[in-house]
Amino acid sequence: MSLDHTHVQTRLVHAGSPELKNGAGPVNVPVVRTSTVRFADTATQAALATLRASGDRVATYGRHGLDTHQALEAAVTSLEGGYRTVLAPSGLAAITLVLLATLGPGDHALVADSVYSPVRKVDKSLLRRYGIEVEYFSPARDALERLIRPNTRLLYLESPSSLLFEVLDLPALAATARRQGVLVAADNTWSGGLYYQPLALGANISIQAATKYLAGHSDVMMGVVTVDSAALAQKIGQTYDALGLSVGADDAYLTLRGLRTLDVRLARHQENALAVARYLARHEDVARVFHPALELDPGHALWRRDFSGASGLVSFALSNPDPTAASRFIDALRYFSIGASWGGYESLALEAAPERLAEHSIWRQGPGQQSVVRLHIGLEHPQDLIDDLEHALAVTRDALRRSA
């Protein structure tokens, strides 16, 4: 069954579905757990090993994954519009895989300064030890073509960015990089792969923390890497095998199950988040709201051009000058749990650490902004969430008045 020309909603339901055998079969791909693959004879074993060495997606050992893993890989590849997908134990593992597969001693990488902060940890703790230089830049303020060197091998982006959701001009950045032979990788976790297509916009590699929207229920740790060519698939695959990466069949099954409902879940996340963002934008205790679907957001025009929707993430800066305001606000919430992740059905709140904000050049341009809170807007009724936010803002405001 060809899905090449179907809408994304149809691909989400059918991509990776198991084939019928003897005229019948399950709707869901079975959970296939194994550590060992058996072969009919030594000739078959040798033939499959040769195929795998050439980059073909065949399993010769349990770590390579069988039916469940391959079904999820096929579904994510269809969603991202790529050539092939590999699964990693976490989103950060997927990022590290890409960095190690595309960079070597003496290489230089350009990284947007507002990326997911643990990328900097990988740089400091791992890449520098191997003689790889990472340079952070502002996609909005710096001229990319002037930063590219003869040894630049990778441009690493994230759009919208972490915490403050800066929207990047990926087509322009990718075109500049690719003219000079530089690979382009983009973190696509914010959109769940549904509302943004980095590969179609010029990236070579799209990365997601499947822990977030793909799985969607806060019960899986996984990352996915989708590439646009056979050559990149082989390069990523060789590093994947060398690192001994693998994911459990149960996690692959749960992520595939979550992917089937991605469209309907994200539609509700988007609707709820926009309602909350508009409420916050009107509130006297809020200095600024960061959400690209808001008409006044600096990245709104780019978002409208390149995206087909928005996710459930909203950040905002409190106008309250009290350095404890964010903590007071979060502790007063009733329907928002405190948690560092996002993408599940539940609403979450987290204070953005000042040292993380300082990494973002766009934050330094915002005078008068105080503490920043990141919200993940879940699937609760939006009015209940707004009422909860109103209560917490009032508690925070009253605390400031009492301390004056």
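**Exercise 1. In what order do the seven strands of the open sheet lie?**

Solution. This is a predicted model.
Step 1: Read the strands across the sheet. The order is β1-β7-β6-β5-β4-β2-β3. The pairing is mixed.
Step 2: Find the edges. They are β1 (84-88) and β3 (133-137), and each of them pairs on one side only.
Step 3: Neighbouring strands are turned by 20° against each other on average, with direction ignored.

**Exercise 2. Describe how strand β2 is joined to strand β4**.

Solution. 
Step 1: Locate the strands. β2 covers residues 108-112, and β4 covers residues 152-158.
Step 2: Pick out one opposite pair. H108 stands opposite T152 in β4.

**Exercise 3. Describe the packing of helix α4 against helix α5**.

Solution. 
Step 1: Packed helices are described by the angle between their axes and the distance between the axes.
Step 2: Read both. α4 (residues 91-102) and α5 (residues 118-127) pack at an angle of about 50°, and their axes are 11 Å apart.
Step 3: Classify the angle. It makes α4 oblique to α5.
Step 4: The crossing of α4 and α5 is right-handed.
Step 5: List the contact residues. α4 supplies L92, I95, T96, L99 and L100. α5 supplies P118, V119, V122, L126 and L127.
Step 6: Nine are nonpolar, one is polar and none is charged.

**Exercise 4. Is E73 buried or exposed?**

Solution. 
Step 1: E73 lies in helix α3.
Step 2: Apply the cut-off. Buried means under 20% relative accessible area. E73 has 7% relative accessibility, so it counts as buried.
Step 3: Name its partners. Leaving aside neighbours within four places in sequence, E73 is in contact with R57, T85, V86 and L87.

**Exercise 5. Which residues does R260 touch, not counting those up to four places away in sequence?**

Solution. 
Step 1: R260 lies in helix α9, residues 249-260.
Step 2: List the contacts. R260 touches R11, L12, V13, H14, A15, G16 and S17.
Step 3: Compare chain and space. R260 and L214 are 46 residues apart along the chain, and their C-alpha atoms are separated by 8.7 Å.

Notes: Residues numbered from 1 in each chain as written. Predicted model: local features only at pLDDT ≥ 70, side-chain atom pairs only at ≥ 80, totals over all residues. Heavy atoms only, no water. Axes fitted to C-alpha atoms, helices over the stretch in contact; angles between N-to-C directions. Helix = DSSP H or I, 4+ residues; strand = E, 2+ residues; numbered from the N terminus. Parallel < 35°, antiparallel > 145°, perpendicular 65-115°, else oblique. Left-handed = near helix turned anticlockwise from the far one by under 90°. Contact = heavy atoms within 4.5 Å. Nonpolar A, V, L, I, M, F, W, Y, C, P; charged D, E, K, R; others polar. Pairing = 2+ DSSP bridges. Buried < 20%, exposed > 50% of the residue type's maximum accessible area, 1.4 Å probe, protein only.
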